[in-house]
Amino acid sequence: MSTLERAWCRLKAHPLALDAALAAGVLVCMVAGSFVVPRDGHGVTWGVRTPDTLSLFLMLLGAVALVFRRRRPRAVLAVTGTLSVVECVTGDPRAPVAMSAVVALYTVAATTDRPTTWRLGLVTMTVLTAAAMLAGPLPWYAQENLGVLAWTGIGATAGDAVRSRRAVVQAIRDRAERAERTREEEARRRVAEERLRIARDLHDVVAHHIALVNVQAGVAAHVMDKRPDQAKEALAHVREAGRSALNELRATVGLLRQSDDPEAPTEPAPGLSRLAELAATFRNAGLPVEVACADRPGDLPAAVDLAAYRIVQEALTNVRKHAGPAARAEVSVVRVGPDLEVTVLDDGEGGPGTPEDGGGHGLLGMRERVTALGGTLTTGPRYGGGFRVHAILPVHPTAAQGEPV
């Protein structure tokens with residue numbers, strides 16, 4: 001960075017010093033202009049004159065007023081305008097005191113709105129031009145009088161242009177900041193949704209397998225002394241349920257890995273193709289399950305396939321936990337028009353431990369999955385005993401709902 005650039009940066013950091021420097025420059029220009037007078041001969045020639053003491057004093061006052069142009073722009077315009085009127089009336093030859101009024105008018109136009117600029121600009125132009133034409137020593141049509149009109153108009157126009165440009169730049173910055181905030185909010189929303197999705201999966205996996213492990217462990221403890229073969233079979237089921245739980249937990253938590261992690265899981269998410277296997281695990285745990293699946297799993301989108309599997313898994317887990325030891329369950333998965341209907345029924349005794357009591361997050365998780373796909377979930381007791389879970393899932397969710405749940 002050059003020396004001039006460093007000096008300019010320091011001045012911009014101190015507005016009052018910058019205005020003082022500008023005022024000094026304007027004073028130099030006004031004093032230099034007061035020593036020069038144009039003369040018309042056979043062309044334009046220039047002569048030298050000595051300005052009046054009053055003119056020098058008026059120029060000094062105008063320059064001092066410009067130091068405070070940012071703090072009180074309208075007051076500075078009134079002061080410099082008054083000094084210019086005095087010079088237009090008394091100056092002979094006239095000194096360029098109006099230059100300070102032009103700078104003050106520029107400042108007002110750059111810091112206020114357009115209607116205010118129009119009003120103050122017209123008043124300043126009218127007063128200064130009228131004073132120069134009507135009360136000054138020169139003829140009204142003199143070039144210097146027309147110059148006052150032109151320069152005040154230029155000052156107001158330039159200030160308005162600068163203000164408009166600043167407004168455009170500020171609007172662009174505001175839009176960029178809003179867009180950045182929107183992107184951050186969208187990122188936070190997506191993170192929250194992903195956390196919720198993973199929490200649902202973890203709940204479904206853990207609740208299902210822990211319920212099976214608990215049942216089989218109870219069976220093994222009950223028959224360990226009298227029927228060791230049945231106890232070994234129950235423990236084998238416990239080991240298999242634990243292995244399945246670890247595999248599904250590893251696959252679910254592995255979704256948090258980076259996309260370039262070579263150890264990221266490649267096993268597909270469970271779906272209705274594993275419905276028979278899921279039913280078998282519950283049968284091994286002592287829950288009779290009948291399955292009727294009239295739809296080919298391969299025809300379903302991945303999100304719908306996973307949601308249907310998780311709903312059946314959670315519903316059967318609730319049956320095993322709450323419906324009693326003699327309960328039986330029926331699972332039905334049917335394609336009805338554009339929807340997939342999943343129904344899980346049981347004939348258990350129910351009671352205070354039913355999932356309707358809200359003691360856990362199973363029904364809430366199922367409802368969140370169904371709602372995320374734009375479907376509906378109905379749960380409640382059956383007439384004559386038992387519990388019913390009925391979900392309607394659109395086979396082709398909307399684009400906003402197309403992410404796996």
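**Helix packing and cores in a predicted model**

In this predicted model, L275, L278 and F282 of helix α9 meet Y309, V312, Q313, L316, T317 and R320 of helix α10, where a contact means heavy atoms within 4.5 Å. Helices here are DSSP runs (H or I, at least four residues), strands are E runs of at least two, and both are numbered from the N terminus. Sorted by class, the meeting of α9 with α10 takes in six nonpolar, two polar and one charged residues. For that count, Ala, Val, Leu, Ile, Met, Phe, Trp, Tyr, Cys and Pro are nonpolar, Asp, Glu, Lys and Arg are charged, and the others, Gly among them, are polar.

How do the two helices lie? The axes of α9 (residues 275–284) and α10 (residues 302–322) come within 11 Å and cross at roughly 10 degrees, so α9 runs roughly parallel to α10. Axes are lines fitted to C-alpha atoms, for helices over the stretch in contact, with angles from 0 to 180 degrees between N-to-C directions; under 35 degrees counts as roughly parallel, over 145 as roughly antiparallel, 65 to 115 as roughly perpendicular and the rest as oblique.

Now for the cores. The largest nonpolar core holds 36 residues, and L340 and L393 have the most contacts inside it. Such a core is a set of buried Ala, Val, Leu, Ile, Met, Phe, Trp, Tyr and Cys residues joined through side-chain atoms within 4.5 Å; buried means under 20% relative accessible area, exposed over 50%, and partly exposed in between (1.4 Å probe, protein chains only). Two or more residues come from each of α9, α10, β4 (329–336), β5 (339–346), α11 and β7 (387–394), with α10 giving the largest share, 10 residues. Skipping residues up to four places away in sequence, L393 touches V304, A307, A308, I311, P338, D339, L340, V370 and L373. A separate core of 19 residues includes V26, L77, V103 and A104.

G375 sits in the loop between α11 (362–372) and β6 (376–381) and is buried, at 17% relative accessible area. Beyond four places in sequence, G375 contacts V370, I392 and P394; its C-alpha is 6.0 Å from that of P394, 19 residues away in sequence.

As for confidence, the chain averages a pLDDT (the predictor's confidence in each residue, from 0 to 100) of 76, and 70% of residues score at least 70. Residues 258–262 stay under 50, with zero contacts beyond four places in sequence.

Residues are numbered from 1 along each chain as its sequence is written, and side-chain values use heavy atoms, leaving out hydrogens and water. Local features need pLDDT of at least 70 and side-chain atom pairs 80 or more, while totals for chains, interfaces and linings use all residues.
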